[in-house]
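Student: Could we go through this structure together, slowly? I would like to know what the words used for it rest on.

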Amino acid sequence: MSNRLDSAATPLLTVDAVGKEFFGNRVLEEVNFSLYAGEILGLVGENGAGKSTLMNILFGMPVISQTGGYDGRILIEGEEVRFSSPFDAIDAGIGMVHQEFSLLPGFTATENILLNRESTKYNPLVEVFGDRIKTLDRRDMRRRADEAISILGFSIDPEALGAEMPVGHKQFTEIAREIDRKSTKLLVLDEPTAVLAESEAEILIKSLRGLAERGISMIFISHRLQEVIDLCDEIIILRDGRVVKETKPAETSIFQVASLMVGRNVEAVSTERRLMEETETILDVQNLWVDMPGETVRDVTFSVRKGEIFGVGGLAGQGKLGIANGIMGLFPAGGNVTVKGEPLRLNDPALSLSRDMAFVAEDRRGVGLLLDEPIDWNIAFTAMQVQDKFVRKILGGLIKWRDDAAMREVALDYINRLEIRCTGHRQRAVELSGGNQQKVCLAKAFVVGPEILFVSEPTRGIDIGAKRLVLDTIRQVNEDTGATVIVTSSELEELRSVCDRIAIVDSGRISGVRDASRPAEEFGVLMLGESPSLVPAAATIGGETF
Amino acid sequence: MSGKFEKFISDFGWPRIIIALFLLLLFASTPFVGVKLDTSISDTLVRVGMNGVLVLAMVPMVQSGCGLNFGLPLGIIAGLLGAVTSIQVATSFDALYQVISSGGSVGVFASALSSVLQSGARGLALFGIALAIALPCAAILGFLYAQILNRVKGEEMMIATYVGFSSVAVMCMAWLLLPFNSPVMVWGYGGSGLRTTISTEGFWRHILSDFGSIDFGNFYFPTGMFIFFAIMVCIVWAFFRTKTGTAMTAAGSNPEFARASGIDVNKMRTISVMLSTVLGAVGILVYEQSFGFIQLYMGPLYMAFPAVAAILLGGASVNKATMANVIVGTFLFQGILTMTPSVINSILKSDMSEVIRIIVSNGMILYALTRKTRVKR
């Protein structure tokens, strides 16, 4: 189905040795590919593989230029371009369909499709105020909207308000907007099918193919590997910011793509297994519910044995992050949680902390750190407030004086042990790189000396080297202090490499708890919940939106 | 050497250096425009002492994330209540002393207090009474004020401004209606309702200022007032070195972080607002004892703005303030405010000091709020 013309033609888009560094953290390196008119390129990779960064570069997002630009060249029809804003990209014929909908809720489908490109009619005021005062030609707008929608082959009510549309319709409206733009030569679709029902997704795939026949090229980003294989002419697999494989659908399989994405042979489990002796239950959770927006936990029951590393996995938005947040009292929760044999009253962070539990939050910058304060404050604060560490009591405890010397000492100790790269213990947390910030968060939790340590998304947004160190640190603390660790992560491979047992969360419930040594496919099936037979298990290794 | 110098400049901040140089220029120009240098310096220092505690009242709220205390008039009102009550007490007990002297008998406590008020400790005792009344009032008003601010997170400064304004309006009625009857305070013709301006002469005028003060020709230095200011600065500084103060700073820096560390953020904010209001009450008493008058009714209305301007000028931002910001800011702001009108008046040979004062003080607020500079470590 390739529309590739003879090889002498100039490609529509050439990406030549493009690379990008964020604050010394390399997220993209030497990416090369080219795309011809009418071709569909599939882009796949795990979370943080560099897909979004690549698209941001292509689309001229300000975040790229603000953080020092990018390396390499981007050529459109043989001419080098360097967009400074998305408007430049649009002018050059690149259309983007975002993962998050950018529709105006109070506008109808027609108005949203034709926003800022409305058909207009002349009226006398134009003589005075110029073209901006032209009247809208509603009838022609309706005709153009109908036309764009019919190209898609999906029926949307052109008069429906953005706010009232089902998600599927919103997605089609977004695409129709790009179709109406006659100059669009390249369409970037970032997970367009993630929110669609299966039947809607099929229609979308069909209409995208129709668009390709009209000569529009596409970059299609998706985690639904089957779609990528069905739709695309070329598949590029990104891992850790590098292109690991450029292939054609006919020459590959879902299984191969999945294993290339995670970079390991899916069958083989790397680390040696520890022999877990049967210890007593330290944390018992019965019928827990947590009202955390976007990560609702509905009814979760599990128990964790003393001294083990317990993994919580699952796709994004299914509720795995809600569990730790609920137990630590950060979001409204209910159910029975028993810690070391004693029931825990929920919804009070101070109480949870006082029960020798500590939490490394997934939202590092939002919850995990005092960005404007120095490292020593960040590390010592929780222990100071909860356990009166780093406090000198004066007048028989009437005045609790902050002990800066002790704080300095503990901060320097952890800076040393965790290899936190910084200018000193008084450097502000905001100035550190993601990996080093994560180490500060871990240090903060370690200082409390917890018996139960919750760590959520420990490696999100940090580079490979730091990832390894963070995971090793967690493992080491577990071995040295005997602390029970509960790791929540979207990356299944990461969980399998560090945990003893893994629970998979689906739709706010635990769909199963397995030994980490079980094959990845088994976890993949659990992640999908109800219809495991429909999708090959290996395709779930990416461990996120499916 | 140059590295140290650069570090000093970046720590101190260019805006402050420029303003300090301008102030220096104003002082240097005094002999040429016929203004006395020693009087100018003395005036500046007196004003620094008068306003210092009011500026300090900004710090707790800024640190806890409630923004600048535009509701300072609320604290000031509590201080005023203490002030007028102390004068009422003085009048009542002076009358009682007359009764005792002419052989009447009263309770032990009443006779003890009235004889103290006739002794050398009269001023100090009355000032103590003023504080004793003002502090609980401020604490209660501050608590209520905090309940409002905890419901409008993110919009504190706007709401605080109007809390200040409306409390002044409410008190305009209260000053008329409260049952004070001391002849030195009530309107002469009606016999009820407090006057707009009440002298503290004969009660506690200059009670702090004159303690160990230095008088040298035209130069006057209110030592006691500065000692008092220093003590207040030390108390606030020490508070932020305690566990609670640390928690308060963290709650202001990142409320989510504080909550995850088991801190009750609303409680921290409440404490900070109460502390700011109490400091406002103490501040106005210090101000009045030096100024010599209690100004009621619309007096407190715009008192927040010079204090806000001073602390911003001192390098504080809307969410971080240090003691150095308070001291440097008060000195620079009051210095400019004292010197600009007198020097310009002398040049222009006309009196427009009030106009210039308004332009300078509001201009500085505008300047400081538009430049949200990050405080250096």
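Tutor: Gladly! Axes here are lines fitted to C-alpha atoms, for helices over the stretch in contact, and angles run from 0 to 180 degrees between N-to-C directions. Helices (H or I, at least four residues) and strands (E, at least two) are DSSP runs, numbered from the N terminus. This is a predicted model, in which local features need pLDDT of at least 70 and side-chain atom pairs count only at pLDDT 80 or more, while totals for chains, interfaces and linings use all residues. Residues are numbered from 1 along each chain as its sequence is written, and chains are lettered from A and ligands numbered from 1 in the order in which they are written.

Student: Why are helix 13 and helix 14 of chain B called roughly perpendicular?

Tutor: Helix 13 (residues 304–313) and helix 14 (residues 323–348) of chain B pack at about 115°, with axes 7 Å apart. Angles under 35 degrees count as roughly parallel, over 145 as roughly antiparallel, 65 to 115 as roughly perpendicular and the rest as oblique. The pair is therefore roughly perpendicular.

Student: Which way do helix 13 and helix 14 of chain B cross, and what makes a crossing left-handed or right-handed?

Tutor: Their crossing is right-handed. A crossing is left-handed if the near helix is turned anticlockwise from the far one by less than a right angle, and right-handed if clockwise.

Student: Which residues of helix 13 and helix 14 of chain B meet?

Tutor: Two residues are in contact if their C-beta atoms, placed from the backbone, lie within 7 Å. Helix 13 of chain B brings residues including B:Pro306 and B:Leu313, and helix 14 of chain B brings others, among them B:Asn325 and B:Phe333. Ala, Val, Leu, Ile, Met, Phe, Trp, Tyr, Cys and Pro count as nonpolar, Asp, Glu, Lys and Arg as charged, and the others, Gly among them, as polar. By that rule this contact has eight nonpolar, three polar and no charged residues.

Student: What makes helix 5 and helix 7 of chain B roughly antiparallel?

Tutor: Helix 5 (residues 72–101) and helix 7 (residues 122–151) of chain B pack at about 150°, with axes 7 Å apart. That angle puts helix 5 and helix 7 of chain B in the roughly antiparallel class. Their crossing is right-handed. Their contact, which includes B:Leu74 and B:Tyr145, holds 16 nonpolar, five polar and no charged residues.

Student: How do helix 10 and helix 12 of chain B lie to each other?

Tutor: Helix 10 (residues 243–253) and helix 12 (residues 265–291) of chain B pack at about 110°, with axes 9 Å apart, and are therefore roughly perpendicular.

Student: How do you know that chain B is as compact as a globular protein of its length?

Tutor: The radius of gyration is taken over C-alpha atoms, and the globule rule is 2.2 Å times the number of residues to the power 0.38. Chain B has 15 helices and four strands. Its radius of gyration is 22 Å, close to the 21 Å from the rule for 377 residues, so chain B is as compact as a globular protein of that length.

Student: How many residues do chain A and chain B bring into contact?

Tutor: In chain A 27 residues are in contact with 16 residues of chain B. Helix 14 of chain A gives the most to the chain A side, with five residues.
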